[in-house]
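Colleague: I should like to learn how to read the features of a structural model. May we go through them one by one, with the general idea before each case?

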Amino acid sequence: MQGAELLRQFLRAKLVVSIFAFSIYSLSAAATTTPTVATPTATVQNSKRSPQKIPPQKSLPQKKTLAQALALYKQGNYDDTMEVLNKIRGNRKIKATVHYWKGLVHSKQQKYDLAILNFEKASKMRAMAEDLYYQLGQSYYAAQRLRRAITAFRKSILLRKHKAQASAFYIGYIHQLRDKNKNALSYYKRISRLKRDPDKVKQPALYQTAEIYFDRVKKIKNERERIAKLMKIRSLYVHAYNYDKESLSGKEAQNRIDFIDKQKTKFTHNKAWRLKVEQDIRYDSNVINKADNAILQTSSQSSMVSKTTGRAYYSKGLSDKWSFNGNTKLSAKFHTERNEPEIIESDAIIYALGFSFDQKNDVLTKNAHHNFGLDLNYTMQDHRQSDNVAFFSRYFQFSFAETLQILEAGPSAFSLAYKYYDHHLPTSSNVQFIFSYNQKSKLTETAQLSTTLQGTWLYGKQSSADSIRYELNNRLPILLDGTDLTLISYLGLSVLDTRRNQPARGWEKKINFSVMLRKNIKRENHYLIKLGWDFTRNLSQDTLNHQYSRHQVFINGAYRF
Amino acid sequence: MANTLRWGALLLFFGLLTTFTALAEKAKGYATTVIIMRGKATRSGNTDKIMVPLKVQERIKEGAIIATGPRSFVKLLFTDNSQMNLGPNSKMRIEHYNEKETSVLKLISGQLRAKITKDVLKEEKKRRKRVNKFYIRTKTAAMSVRGTEFLVTTPREGNNPDSLEPDRKSSTLVISFEDTIAITSFNQENRELSNQPVSEIVAVMAEKLASRNVVLVSEGDFSAVRANAEEATPAARISPVQFEALKSNKNMLQTATKQTGSREQQFISPIPPGVDPLEFASEGDAIMRALEAAIGEGAMNAVIEESKAIISQKEGSQTDETVGASEERSGDNVTTAEATVEPQDGAPLPGGYVDLKQGIYIEPRVEEGATFDPEQGVYTPNPAMQVGENGELVLPEGTVISEAGELMTNDGTRYVPPLPRADTEGVLDPTDITPRTDAPPITTGNTLESAEGALEEEEEAEFDEIASEQEDQETVNSSSDSSIIVIIDI
């Protein structure tokens, strides 16, 4: 009996302890499930695998539920945010906002169909969210419901003014996708006119504009026509590229530019032969007998001069990197003034032949080129007024040039040349070593300055003919926007040191300035016409007293085929 | 009274018996007990390498190797209450286990998810110094953990389901679910210490994990150590969507990874090509303003305060228990991830997906239509790639992930996400049909100006609206503004 009583007491005690323990356990459990951010997380995680979902929490104040949802949303816990949002009840305004919020959550989860449903409900319930239609438009776009996307973006612009530029870009781009290119171009054009660019859509608009034309042009079957038009479009891509070179659109534009350049190169290589005929007529105020650079004789006489030239170019790609280029030229120069022998002797027939091998490489810098060249030239002067000695000069020249992309402004070219010069007067024959550096600098989108610094070391058969010539030439072509006109200005300075011509050693200084207007009559550069004026002033102080001034006004027409 | 004493003595006897039995168990060197098992799993003895089938409630000693088969899973409860889940096709070794010291696990291949208890070691209390509870090493990495939950994965050989050997080119990838874990490269040390005793390995790991090149991986972040790499990658956030899915998948369930095939079911990126997703994302606080408009300013302030309190409460509970490594290395060059837009030097863009099979992070690519989530400060990859229910990666049909973490087609070219199709007329609102027009005809002098004629009146009005919204936004002379579209006569 005592044992049974003891057992009863023990069981009673155990019951009390159990109740106590259970109470402690329940309290501690309640404490751990007090609504904090962890509560819905843990509960929802369990609920994902259990049909018994979170119990209704009507007792929770609305603000607490909203706060939970906001906390979860800000922490990126979108599943749990959605669970909490599903529990929120309230008036129409709150319901509308919750639908908008759910749309945002679905959109972040890339469930765009569900996002659309909720944004649409929010729209019907007139949710007061500034980006509702923008978000709806993006979701429609992601779901490929393009016309509805346009409608939503229009509403975003008209009703909410939210991300107007981005919305406009979307509309333009959707028009473009749907081949409504006129509308697309209109949007892009107007975007490009906006002074501020908060959504950074100007450059994509520039790029997509080029893309519209690119898509059209790439369908052209005639290769020549297609390349010519691609070259036009290239300027659009260059325009887009220069806006921001590091952006996505900038890089895409760069890719397109490279593609077009490759197409052009390929086409050029495919078309081995090109011919060009050229006629130049000019008024020369002071004819200089300088047909061959060897002997300089000023006539102080003016004359009209005609020069007719025929050129042929040959180009052949030997491999991906190597190419061969050849050219030949035959020209005839004729002066109308026939009284002075110096003038008549300036009449000449010139024949030139050149070859070069070019190798693209990335050895030193990207897009570098090696060039190995050989040039031959033979000039026959009219000697009828003189004696029966045939007047001629001829030379050959070996050259090596390296073109590098060192500066961002443009390519730099360094060249070394050896020239052997032969003249009908043996004393005028010489050997020349020439070093030159050329730098192209892009000043604006339509202007590129080309500066050349050159030194020529001349060693004559007679040492008295030795000289060093330093030259600085600047050529600046400016493409006049919207036309096919190019304004080319040129400024050249040279100093000649007749080193050993003692005691007549002196410094011959010359300045040369010219301005020329070139017009491409036909788009594909088949017909070219040039008008210009050239002025030369020589400030020679040596005993030969070669001081002179010279004006030339010229017109030049060319046809290339 | 005598009865009471008798019963008391009996209870005391059983109590002491239980205590002594437990102590005896520990004294025998048991480290852990299998509490849940799914599929097939095996273990070796602590000295021999013969693998025998594993059973639930089986106790495993220090030195044992545990391996799981395909779609299998083992949950281990260590005597210090730390939990380790060994995922499918995985293999690990308990190299050293002692509650009073730092224990060492080696993940040979596969996935290990661990939840380390936050109680401090007795040694720490005595010395008033923080000691790491666990060191985990793989073929390429060493990690130290104190009180945290994390997933570490290192691919098996050639991703071959029949192999449990580590891949020759494998990397180790760790994701922290809670608190912080320290990771560093252990490539060279593993080679040098291949036949050294565990005590030597522990000493080297301790030294390495207290060095400068340790990366701290906070909650939501990942870091990886590639084969032969000298350092772990800077920590970066993974996609919040994948993070939550992985975090919820405590039992390491694997679902069949189907590739997304039908284009009709696919979504495309909501960001058009060539634009900056940062600029095309709505502002992060738009929801705050919408809420305020719905519930009023006063209530909104209360909601904000409440949500801040919730967040700080969660963060506060976590910051108490962080890896001691950072504190032990004052002035070191420790890298931690921040939820910022600009990743730290060398860190990948945040928000990408993790391919657990290969242990590769797939960085979101802006040029491939990644969107930006301003709330989280992370990018979201193109929806062509998706995350499955259990956090697994679902790739577009006919694609694979390259070793460099790029999405490639089966023929070896870079995957190009689809653009919207212009022919989805069927699902569109028929009331919104505008006449189809073409590009301007090609005539000399024809320019974008001439395209104006095609502009619909409605669209004109829209742009008038845009223009009127812009203060000082007078249209500028086309010749003076370099951003104006160049006129082209195609």
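Modeller: Let us begin with contacts along the chain. Two residues are in contact if their C-beta atoms, placed from the backbone, lie within 7 Å. In chain B of this predicted model, 65% of the contacts with a separation of 6 or more are accounted for by residues 24 or more positions apart.

Colleague: How many helices and strands does chain B have, and what percentage of its residues is buried?

Modeller: Helices (H or I, at least four residues) and strands (E, at least two) are DSSP runs, numbered from the N terminus. Chain B has 10 helices and 25 strands. A residue is buried if 20 or more other C-beta atoms lie within 10 Å of its own, exposed if 12 or fewer, and partly exposed in between. Of the 490 residues in chain B, 43% are buried.

Colleague: Is L353(A) buried or partly exposed, and which residues does it touch?

Modeller: L353(A) belongs to strand β6 (residues 348-361) of chain A. L353(A) has 16 other C-beta atoms within 10 Å, so it is partly exposed. Leaving aside residues up to four places away in sequence, L353(A) touches T328(A) and L376(A).

Colleague: Why does the span of helix α11 of chain A agree with its number of residues?

Modeller: The expected span of a helix is 1.5 Å times one less than its number of residues. Helix α11 (residues 202-217) of chain A has 16 residues and should therefore span 22 Å, and its end C-alpha atoms are 23 Å apart, which agrees. Since 14 of these 16 residues are buried, α11(A) is largely enclosed by the rest of the structure. Helix α4 (residues 78-87) of chain A is mostly covered, with eight of its 10 residues buried; among them are Y78(A), M82(A) and L85(A).

Colleague: At what angle do helices α5 and α6 of chain A cross?

Modeller: Axes are lines fitted to C-alpha atoms, for helices over the stretch in contact, and angles run from 0 to 180 degrees between N-to-C directions. The axes of α5 (residues 92-108) and α6 (residues 112-124) of chain A cross at roughly 160° and come within 7 Å. That makes α5(A) roughly antiparallel to α6(A) (the term applies to angles over 145 degrees). Residues of the contact include A96(A) and Y100(A) of α5(A), and L114(A) and F119(A) of α6(A).

Colleague: How does α5(A) pack with α7(A)?

Modeller: The axes of α5(A) and helix α7 (residues 132-142) of chain A are 11 Å apart, at an angle of about 35°. Y100(A), G103(A), L104(A) and S107(A) in α5(A) meet L132(A), Q135(A) and S139(A) in α7(A).

Key:
Residues numbered from 1 in each chain as written. Chains lettered and ligands numbered in written order. Predicted model: local features only at pLDDT ≥ 70, side-chain atom pairs only at ≥ 80, totals over all residues. Parallel < 35°, antiparallel > 145°, perpendicular 65-115°, else oblique.
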